[in-house]
Each structure stands twice: as C-alpha cells, then as structure tokens.
Amino acid sequence: MTRCRDANGVLQMHMTCVKWLAIPAGMIGLFLLWLPLSLQAQLILSFAVLGVMFLAMTRPENTTLRLVTFIFAGILAMRYAFWRTTETLPSIYEPLNFIPGLILYLAEMYCLAMLAISFFMLADPLKRKAPELGDAADLPTVDVFIPSYNEEPELLAGTLAAAKSLHYPKDKLTVYLLDDGGTEAKRNHRDPRVSIAAIRRHEQLKALCASLGVVYHARKQNDHAKAGNLNEGLKVSHGELVVVFDADHAPVREFLRETVGYFAKDKKLFLVQTPHYFLNPDPLEKNLQTFARMPSENEMFYSILQRGLDKWNASFFCGSAAVLRRSALSAANGFSGQSITEDCETALALHSKGWHSLYVDKPLIAGLQPETFVSFIGQRARWCQGMLQILILNRPFLAKGLTLSQRICYAGINLFWLFPLSRLAFVFSPLLYIFFSLEIYQANILEFASYAVTYLIGSFAMQSYLYGRVRWPWVSELYEYVQSVLLFGSIVSVVRNPRKPTFNVTAKGQTLDRSMLSPLARPYFIIFFVLLAAALYSGYRFLTEPVATELLTIVAGWNLINLGLAGAALGVVAERRELRRNQRLPVKRHALMKVDGKLKNIIIQDASSGGISVEFVEQAPAIDLDTPLEATIQLRRAGQIIAFDVISRSSRGEGEGAVYGFAYKERTPETFMAIAELMFSDQAVLQERLSRRQIRRSFFWGTSRFALWSIRETLRALRYSAGLIREGAVSSAADAPITVKDNNAQIPGRAAELPPVLTGAQAYG
C-alpha cells in the first residue's frame with residue numbers, strides 16, 4: 001500500500017510539473033504570434049514550430065503535451081491568418097477582384113474558427129468505464145421505444161427480437177413499437193389505396209408484436225414527425241428510463257448493462273448516448289469499395305468528437321441507441337419538435353435546464369445506413385437544415401442555462417454544417433484566375449511557402465494526430481465535396497425561411513440490382529469537366545505566356561487538387577450494384593444440425609436476417625443444390641435449446657473447410673429470436689470488426705491511394721456514362737416470408753409484395 005501511495009504521489013508531481021510547462025508554452029506562443037518577421041525568419045519559425053509540434057505528438061496519451069501541440073498548431077494558423085488578413089487581400093477599389101477575394105477570405109476564416117473550436121472540443125476526450133449495474137430489485141424500469149414509419153416488417157422483426165432479448169429483468173423491461181405508418185388518420189384516409197395499405201400494415205404489425213410480446217401503438221395522426229411519435233410513446237408508457245432505437249438499429253444483448261448503471265450515480269443525468277454502428281456501407285464506401293478496410297465516416301464523430309464533447313458535458317442525443325431519463329424529458333415537455341433534428345434540439349433544451357449527459361464509446365447496436373446516393377444526400381440535407389434551424393431559432397451561443405464550454409460546443413456543432421459554402425469557395429476560386437486573370441489572392445511563391453504551405457503541413461499533421469485512427473487522408477475533403485454540391489440549396493432554403501424545412505424519412509435497406517449512374521450525377525460531371533478544362537487551360541498559359549506568374553503556379557496546383565477530388569467524387573455517384581441483400585455478421589458459433597434424424601456438429605461462420613453460413617466439424621452430408629437439403633439448427637442459450645429450420649442454398653470450397661449457405665426455411669417470431677441470439681448476443685463481434693479497420697495511414701500513403709482512386713474512379717464513371725457497363729442484374733432467391741403461426745397471419749418479407757404505396761423500406765434515422 002505504501003508503495004502504491006508513493007507511486008501515485010510521484011505521478012501527481014510529474015503531471016503537475018508537466019502542466020506547468022503548458023503555461024510558458026502558451027506565453028511563448030502569444031509572443032511569437034505578433035512578432036514582426038522577414039519571410040526568411042518566418043520560414044525558419046514555421047519549421048521550428050512544426051518541429052515542436054511533431055515532438056509533442058509522440059505522446060498522444062499525455063493531455064498536457066496535447067495542449068502544447070494545440071498551442072503551436074495555433075501559432076501557425078494565427079500567423080497565417082494575420083498574414084492573410086494584412087497582405088493578401090485585393091484592393092477594395094477593384095471590386096471584380098475584391099468581392100470574390102473577400103468571399104474566399106471569409107471561407108478560410110470560417111475554417112480557422114472551426115479549427116479553434118475543434119481544438120477546444122478535443123482538448124481531453126473521455127473514455128468511460130461502465131459502472132456496476134447493481135441488484136435486480138434496485139434497477140429502474142425501462143421502456144424501449146422503436147419508432148417506425150413505413151419500414152418492412154422483416155426489418156422491424158429483427159430489431160424487435162433483439163430488443164426483447166436484452167439482458168435485463170423481464171418484469172422491468174417493456175418494448176414498444178410506435179407505428180406511424182398505421183395511424184388512425186391513415187387507416188381512414190380518403191384515398192382507398194392509402195387506407196388499405198395502412199390497415200394491412202396495422203394488422204400485420206399488431207400480429208407480429210403480439211407474437212413477440214411487444215406493445216404495439218399507433219397514434220391518431222402523424223403530427224410533428226418522429227418527435228411527435230416519441231412523445232406519444234411517453235403518454236402510453238411509465239418506465240423510469242426510456243431507450244430509443246431506430247427501426248433498423250438492433251441492440252446487442254448487453255446494451256442496458258453498459259448504460260443503465262450511470263443513472264444511479266448521477267441523479268441529474270438525462271442521457272447516455274452510444275455510437276451508431278453500421279453493418280452496411282454508405283455510397284462512398286460501397287462505390288469506392290473501401291468498407292471492409294477503411295474507417296467509416298461516422299467513426300470520426302462517434303469515436304473522437306462525441307468523446308471530446310463528453311468532457312464538457314455537451315455530448316448530445318443522436319436520435320437512437322440512447323437511454324434517457326423520463327423525469328428529465330417531462331421537465332422539458334418531452335422531445336423537442338421545432339426543428340427537424342429533434343435529437344440535438346432535445347439535448348440542447350435539457351442541457352439548458354442543468355441536466356447532464358455522457359457518452360459511452362462502445363458499439364452496442366448494429367444498424368443500416370443509406371446505400372444509394374439519393375438517400376444519402378437526403379439524410380444529410382435533413383441534418384444540415386435541422387442543425388441550421390437550431391443555430392438560427394434556438395441560438396445556442398446565447399441560450400440561458402448553458403455553460404460557456406457548452407455554448408462553444410453547440411455553436412461549433414451547428415456551424416459545422418456551413419461547410420458547403422467554404423468547400424465550394426475553395427473549388428471555384430482558382431477558376432477566376434485561370435480563366436479571367438482575377439487576382440483574388442495576392443502572394444508570391446516565397447510568401448506562400450512561408451505562411452500557407454507550412455500552415456497546411458501543420459493542418460494535415462493535426463488531422464492525422466487527432467483523427468488518423470478513424471479517417472484516412474483526403475477522405476474528409478471528399479465527403480465534404482460530394483455533400484457540398486447539393487447541400488448549398490438546403491442552406492439557402494433554411495436561411496431564407498428557418499421554419500420551412502419538414503421532416504423527411506431516410507430510405508434504408510435499399511439495394512441496386514444494376515450498376516448505374518446516380519440520378520444526381522449530372523452536376524458532378526459538369527464540375528469535373530470545368531475543372532479539367534481549367535487544368536488544360538492553365539497548362540496552355542504556362543506554354544504560351546512569356547513569363548508565367550508565380551500566382552498561376554499556385555492556382556494551377558490548387559486546381560489539380562480540386563480536380564482529384566472531383567474525379568474521386570465521380571466514382572461515388574457511379575453506383576455499383578449490390579451483390580448482397582442481407583448484411584452479415586461473423587459469429588463463429590458452435591451449434592448442432594439435425595439432418596435425417598442425425599446430429600452433426602457445425603460452426604456457424606456468419607449470420608444475417610436471411611440465412612447462415614455453416615462449416616461442418618465432421619464430414620459434411622451429401623448436399624445437392626438442385627435438390628435442396630432441409631435441416632434443423634439447434635443452438636444452446638442458458639441451458640435452453642433454440643431451434644429453427646433451414647434449407648441449403650449455396651456452397652463454396654471443397655472438402656475440409658468447405659462452407660455451405662443455408663436460408664431460413666420460414667421466418668417465424670421464434671426464428672427472429674434465434675437470429676437475435678446469433679447476431680447480437682456478443683458485443684465483442686461489433687467491437688472487433690470496428691477495431692480491425694481503425695488503422696492509421698500516413699499522409700503519403702493516403703495521398704497516393706487517393707490519387708489512384710481519382711484516376712480509377714474517373715475512368716469507371718466515364719464508362720458508366722457511356723453505357724459500357726458489362727454487368728448483368730443481380731438475381732437471388734427471395735427470403736422466406738415472415739409467418740405468425742399463432743393467428744395464422746402471414747407478413748410478407750419484401751416490400752415488393754406490399755401495395756405500391758409502401759414500397760421501399762424507410763426509417764426515421
């Protein structure tokens with residue numbers, strides 16, 4: 001014990017000494033910020049500052065050295081900002097140069113402001129450890145809300161079964177399906193097609209919920225979209241805690257064990273938010289074929305930014321995969337519905353009333369994200385407009401009750417969605433000089449190298465330092481560019497009328513059976529060819545002008561970077577067909593297969609909502625795919641046997657190690673409980689899959705990889721546009737229908753079997 005106390009004392013003394021080092025570092029930084037220097041001295045200073053940054057970056061786990069890194073990165077940024085403000089702007093008496101020059105300058109200052117806010121938010125990201133859950137008798141009652149609009153029954157069945165399988169006392173857990181697709185208003189609609197479809201859905205989902213032991217509820221009418229539906233759920237339920245899962249977000253069994261314990265430790269805690277983990281790729285990941293290798297876009301937000309916000313009691317509700325305290329919601333009159341991003345708005349309201357939130361950085365749900373580019377942009381347009389609505393209508397930087405740190409965090413979160421304005425300014429600004437010789441950025445090569453280049457080096461180094469584990473180089477720029485082209489109109493719309501945007505659901509579970517250009521592809525091709533023409537024309541100017549200006553060299557290089565982004569973006573809008581209808585998870589689970597009255601040991605390699613892949617431990621039975629083999633799978637859970645029937649569909653490999661694909665013969669509620677047992681009983685499966693792709697890549701590796709994408713994806717998109725796609729449509733056997741045996745009702749498993757008014761699975765998320 002004495003040795004432990006001595007070690008702790010030494011550690012505390014060490015941390016105190018290191019923290020004091022940050023004070024002189026900050027004073028030196030302030031001194032260097034305003035020190036007048038020649039260009040040569042500035043260049044030397046910049047490289048010295050970079051050296052200190054790189055040295056401090058070698059200890060990323062040290063909070064004080066992290067602050068030192070931020071200080072010296074700030075020196076580079078502020079030196080650049082000062083030079084940019086005082087030396088590079090065109091004369092105000094030359095409006096053709098000054099006006100676009102000012103727009104570009106404001107775009108850069110916006111980026112610097114966001115950089116400063118991100119430094120603040122990420123000063124000391126938290127990593128929490130779940131507390132003990134406590135005795136069962138002392139646990140709070142929990143209501144699980146699954147809001148739905150017009151999702152397919154098979155999607156809902158999987159989520160409902162996973163929610164019913166949560167490890168929690170059954171007498172304290174109630175699951176609700178809040179169905180906005182079968183409301184009374186829809187069932188009594190004037191249009192008989194709408195009415196019939198709503199009645200059919202209402203009866204189907206009531207039967208499904210009854211068989212699973214879930215409470216079904218449909219309100220009278222669809223007021224205030226998802227927020228209104230959740231508030232209706234509050235009226236018909238009584239649990240002390242409320243859990244929200246989107247219709248496509250199936251929780252792992254340990255979800256409540258990892259989250260509920262925090263509420264006993266803090267009586268003012270209103271929210272425990274967990275990350276959104278996805279089983280399927282978004283359009284960029286699918287079309288660039290990076291899903292299994294590259295960190296997903298959302299990992300930067302959920303693995304880094306939310307942990308940073310948690311430090312300042314500013315982590316916010318993300319609409320799903322969260323636990324909320326009912327009494328806190330009651331104090332704020334339920335879920336907020338003024339904006340179309342009810343989740344962030346609700347968190348803002350409760351933070352303003354002095355309630356606390358925290359974030360658990362552990363994947364505890366598996367969901368679906370938009371796969372088509374149209375649905376992806378639709379989702380981002382809603383997020384963009386909703387966040388700007390909060391910025392304009394709720395004014396978080398002035399909201400009463402928030403701490404200063406919370407004001408900064410909320411303002412930063414909302415202001416981020418102005419990025420399309422700055423990104424488009426960076427794309428089109430070089431064209432003004434290349435085509436029209438407008439000098440909107442006045443600098444020579446030495447000045448640019450001394451200030452801009454060193455600032456950019458520091459910026460890329462900081463990106464790698466802060467986000468390198470979850471974001472490859474240039475990928476953020478690509479995501480921003482593909483969104484900016486189409487979100488500009490969304491920003492203009494919400495600024496003109498902040499109350500105009502309405503809630504539009506995001507399509508999930510869509511698949512493409514053919515490769516094709518997205519319907520939204522045209523503006524990306526136009527921009528690409530404009531940038532290509534600018535690159536060719538700048539080359540022509542180099543060859544024909546007697547003395548090519550230094551500014552032309554800078555601008556031409558800048559345009560080439562934009563051209564690379566635009567080329568990679570063509571690959572994003574050149575949509576590849578979807579070869580897999582159901583998303584699989586590797587499970588490596590032992591089970592028994594009963595074939596012709598005999599039991600065989602098997603290893604279930606992976607599972608989905610449509611079937612499983614199996615490897616036989618002993619000799620495999622004779623399987624003829626022309627005459628499918630029927631068998632029964634037996635799983636054990638807590639001494640009980642879970643059984644379901646399967647039918648053979650495919651095989652790969654031969655002899656020992658061969659893997660056979662089996663589809664579910666029928667999908668009853670019991671089958672979906674078995675699917676939940678297979679896919680969502682072990683959180684480590686999600687964690688391992690997440691960790692496997694979170695690998696740092698160097699800037700040079702990432703740049704070369706991105707250059708390869710730009711060339712390869714441009715050529716592929718051009719082939720698509722010329723109709724040179726040599727791929728046939730994907731065809732596969734349909735999944736078994738969902739059957740509710742208790743009341744002899746069958747629920748079709750594919751949206752195509754429903755009336756046209758219900759085609760296409762859609763979710764609130």
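Side chains of opposite charge can pair when their charged atoms come close. In the predicted model, the count of salt bridges comes to 26.

Glu108 belongs to helix H4 (residues 95-121) and Arg84 to helix H3 (residues 63-87), so the pair ties together parts that lie 24 residues apart in sequence. Glu108 and Arg84 are both buried.

A salt bridge is also found between Asp143 and Arg326, whose side chains meet at 2.9 Å, N to O. Here the pair links distant parts of the chain, since Asp143 is located in strand S1 (residues 142-148) and Arg326 in helix H13 (residues 326-331), with a separation of 183 residues. Both partners, Asp143 and Arg326, are buried.

A further pair is contained within a single helix. The side chains of Arg692 and Glu688 meet in a salt bridge at 2.7 Å, N to O. Both residues lie in helix H23 (residues 683-692), where a spacing of four residues places Arg692 and Glu688 about one turn of the helix apart. With a relative accessible area of 45%, Arg692 is partly exposed. Glu688 likewise counts as partly exposed, because its relative accessibility is 42%, a value between the limits of 20% for buried and 50% for exposed residues. Elsewhere, salt bridges with shared partners join Arg253, Arg589, Arg637 and Glu677 into one network.

The surroundings of Arg719 were also examined. Arg719 is part of helix H24, which spans residues 699-721. Its relative accessibility is 41%, and Arg719 therefore counts as partly exposed. When neighbours within four places in sequence are left aside, Arg719 is in contact with Leu724 and Ile725.

Conventions. Residues are numbered from 1 along each chain as its sequence is written. This is a predicted model: local features need pLDDT of at least 70, side-chain atom pairs count only at pLDDT 80 or more; totals for chains, interfaces and linings use all residues. Side-chain values use heavy atoms; hydrogens and water are left out. Helices (H or I, at least four residues) and strands (E, at least two) are DSSP runs, numbered from the N terminus. Buried means under 20% relative accessible area, exposed over 50%, partly exposed in between (1.4 Å probe, protein chains only). Contact means heavy atoms within 4.5 Å. A salt bridge is a side-chain nitrogen of Lys or Arg within 4 Å of a carboxyl oxygen of Asp or Glu.
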